[in-house]
Amino acid sequence: MKAMKTFLSLPFTAVVLGASLVSPARAANPGGSGPAAAREQLKNMKAADGLEVTLFASEPMVRNPADMDIDHRGRVWVTEGANYRVFQRWGKLRPEGDRLVILEDTNGDGAADKETTFYQGNEINTALGICVLGEKVIVSSSPNVLVFTDANHDDKADGPPVKLFTGIKGIDHDHGVHAFVFGPDGKLYFNMGNEGREIHRPDGSPVKDTEGNDVNTSGKPYRQGLAFRCNPDGSEFEVLGRNFRNNYEVCVDSFGTLWQSDNDDDGNRGVRINYVMEFGNYGYVDEMSGAGWQTGWKKAQSKGAGEDLRPFYHWHQFDPGVVPNLLQTGNGSPTGICLYEGALLPEVFHNQIIHCDAGPRVVRAYITQPDGAGYKAEIKDILTSSDNWFRPSDVCVAPDGSIYVADWNDAGVGGHNMADRSLEAMTGRVYRVAPAGSKPSAPKLNLTTAAGCVEALQSPNLAARYLAWTKLHSMQAGAEKDLLKLWNGKDDRLRARALHLLARIKGSEKKYVEQALKDSDSDIRIAGLRIARELKLDTIPYVRMLAKDSSPQVRRDCAIALRHSASPEAPKLWAQLALQHDGKDRWYLEALGIGAEKQWDTFLDAWLAAAGDKWNTPAGRDIIWRSRGKKTPAMLVKIINDKSAPSSERDRYFRSLDFITGPEKDAALAQLAAGVLQ
Ligand SMILES: [Ca+2]
Ligand SMILES: [Ca+2]
Ligand SMILES: [Ca+2]
Ligand SMILES: [Ca+2]
């Protein structure tokens, strides 16, 4: 669902509306409503080789699941969306408000047989996110991020929720605030689409990020959809990515790498999957002016750009200062996403992104591998259906390593419309996807000992990991011995999870960060750098140590670690990284750009001093193109006027001038104009 897509079945909708006035209980789903209909429709589904899809829950237990989480006991928590768009002519279908419902399989037959309403109220109508963290449940529902508590463990919220954040726009909209997720660093990650616009503390004051910016999308400096990180109490708020359209949910792997989808403007074949390089601009609108992408696209078309380039212009992929996309997946309406770090599914899915796209009605994996300083990926479908009401809204990993898929189930995909307008017959499904015959299970956690917690930390399920992480973190050095067993093991993802905790044992931070930086696995080295940054250790010696690392991904994170560094050594280290740019790797170039932010003059000078006369190479010109220093405009003029440089690239260097302001640029433009007059 979601994301302002064209409603797929308007004539059909009109019929449904007429019918519902006569008989409110009549199913809008042409295949009918209720468990028997759901089982019948299940036959239209197809799971990838080696996998089987089974029905876990259906209406009336669950209706219109908008988002989902799975707790450490394997119970499925759902936010329902019966009250989807109360401003529409069908109004509020459930006056008492939508539910947070817990679905449970008490007899282990793979189907939910118990439903518990955890909370019901109008402040959670069609909430776009739910995250279960022990006794706390975080629900994202513009204008609020709400925290529910169940301290007495009776599966009922202990009274009304408290606000973690408020003042977010995008109420009754698919592009508001989305789900929270727990990271391997003990932090919370979340995002909001471009209707979220701003975010405030419960007292109404604007959230300021750790750089001192008010977090809003007014262009100072952030625009459009944003991705965030903060502490569980909302402090230390960071903006990790900006200029998305409707980035629907973010997921984080054990190394701390972020992955996200983003929805295009309707019908431009531009849905994308992103590796969120920290502090990057993702190019939905023009960075400087905020203008829509059509401006540049029309210009490019007038110069002969073919349709195949449309999705690239859609995200300003040819502009300096825009991080590349991992993958573009065509038309769609992307929704929930997760990282599969389990072992139950076939090996091809291990450690891969799993993602729902409700438009083409598919759950896919993106099989990712390193590509320069970034990644490349290919698509592998996990679940499809010929039933055109299948609208996967979310996917989560259960404690046994199976995945669950929530199905909004509708003729359309949100975008302020729905065909399912009778509460009594309203459909909603949850499926389980696992190898055929695999019985569901939820290992009992023993959180009373460090060894038990380390065991739980290895769960593929995030709710289990949260409990383990929190306990291990509180044990500090008392957990060290058991964490070391995991750290000394063979699985790099599990080692990374142990590392995050070991490096947070007071007094041992440097010891473990430095071990990580010397590790043979590049992702562990990257995790070490990230931890050093988060703990505010002096990263300069570490960047010095890794500046010639064989992995461009490690050097990428070195560049990011230099961002806003006040060290006198930073420009020289940046120059060293810049000298290793190959002139082709856009990921690497953008990491250099992120690292040089606000310090272009000194960084560029250090690089020019090191490069000498040899700056005018393809790689050197690329760095000038990306740079934003006082010397940049004059150097761009040199490149533009250089007869030996390929003339086909002149537009590119002209475009670069659009990202610079000031007298140096004015002088460069005057020089170019004079050149034209000669
Ligand atoms: Ca059951
Ligand atoms: Ca309670
Ligand atoms: Ca989710
Ligand atoms: Ca439905």
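Good morning. The protein is divided into domain 1 (10-434), domain 2 (448-518) and domain 3 (630-678), with the bounds coming from an automatic or database domain assignment. Please keep in mind that this is a predicted model, in which local features need pLDDT of at least 70, side-chain atom pairs count only at pLDDT 80 or more, and totals for chains, interfaces and linings use all residues. Residues are numbered from 1 along each chain as its sequence is written, while chains are lettered from A and ligands numbered from 1 in the order in which they are written.

I begin with the overall dimensions. Along the principal axes, the C-alpha atoms fill a box of roughly 80 × 65 × 50 Å. A compact globule of 678 residues would have a radius of gyration near 26 Å, and the protein has 26 Å, which agrees. That radius is taken over C-alpha atoms, and the globule rule is 2.2 Å times the number of residues to the power 0.38.

The secondary structure comes to 19 helices and 26 strands. Helices (H or I, at least four residues) and strands (E, at least two) are DSSP runs, numbered from the N terminus.

Of the 678 residues, 53% count as buried. A residue is buried if 20 or more other C-beta atoms lie within 10 Å of its own, exposed if 12 or fewer, and partly exposed in between, with C-beta atoms placed from the backbone. Among contacts with a separation of 6 or more, 62% are made by residues 24 or more positions apart; two residues are in contact if their C-beta atoms, placed from the backbone, lie within 7 Å.

Let us turn to the interface of domains 1 and 2. Their centres, taken over C-alpha atoms, are separated by 29 Å. How many residues of each are in contact? On the domain 1 side there are 21, and they meet 16 residues of domain 2. Strands β3, β7 and β11 each supply at least two residues of the domain 1 side. By class, that side has 10 nonpolar, 7 polar and 4 charged residues. Here Ala, Val, Leu, Ile, Met, Phe, Trp, Tyr, Cys and Pro count as nonpolar, Asp, Glu, Lys and Arg as charged, and the others, Gly among them, as polar.

My next subject is helix α6. At 1.5 Å a residue, its 14 residues (462-475) should span 20 Å, and the end C-alpha atoms are 20 Å apart, which agrees; the expected span is 1.5 Å times one less than the number of residues. Is α6 enclosed or open? Because 10 of its 14 residues are buried, α6 is largely enclosed by the rest of the structure. The buried residues include Y466, W469 and K471. They pack against β3 (65-70), β7 (129-133), β11 (181-182), α5 (450-457), α7 (480-487) and α8 (492-502). Just after the helix, Q476 takes a positive phi of about 50 degrees.

This leads to the nonpolar cores. Such a core is a set of buried Ala, Val, Leu, Ile, Met, Phe, Trp, Tyr and Cys residues joined through C-beta atoms within 7 Å. Which residues have the most contacts inside the largest core? They are V181, Y404 and W574, in a core of 179 residues. Its largest share, 8 residues, comes from α6. A second, separate core of 12 residues includes A28, W389, M418 and M426. Leaving aside residues up to four places away in sequence, W574 touches A559, L562, G595, A596, F603, A606 and W607.

Finally, some details of the backbone. The peptide bond from E59 to P60 is cis, with omega near 10 degrees, and P60 is found in the loop between β2 (52-58) and β3. Another cis bond, from S142 to P143, also has omega near 10 degrees; P143 lies in the loop between β8 (136-141) and β9 (144-149).

R197 is not a glycine, yet it has a positive phi of about 65 degrees. Its loop runs between β12 (188-192) and β13 (225-230). R197 counts as buried because it has 21 C-beta neighbours inside 10 Å. K598, likewise a residue other than glycine, has phi near 70 degrees and sits in the loop between α14 (586-596) and α15 (600-611). Is K598 buried or exposed? With 10 other C-beta atoms within 10 Å, K598 is exposed.

Thank you for your attention.
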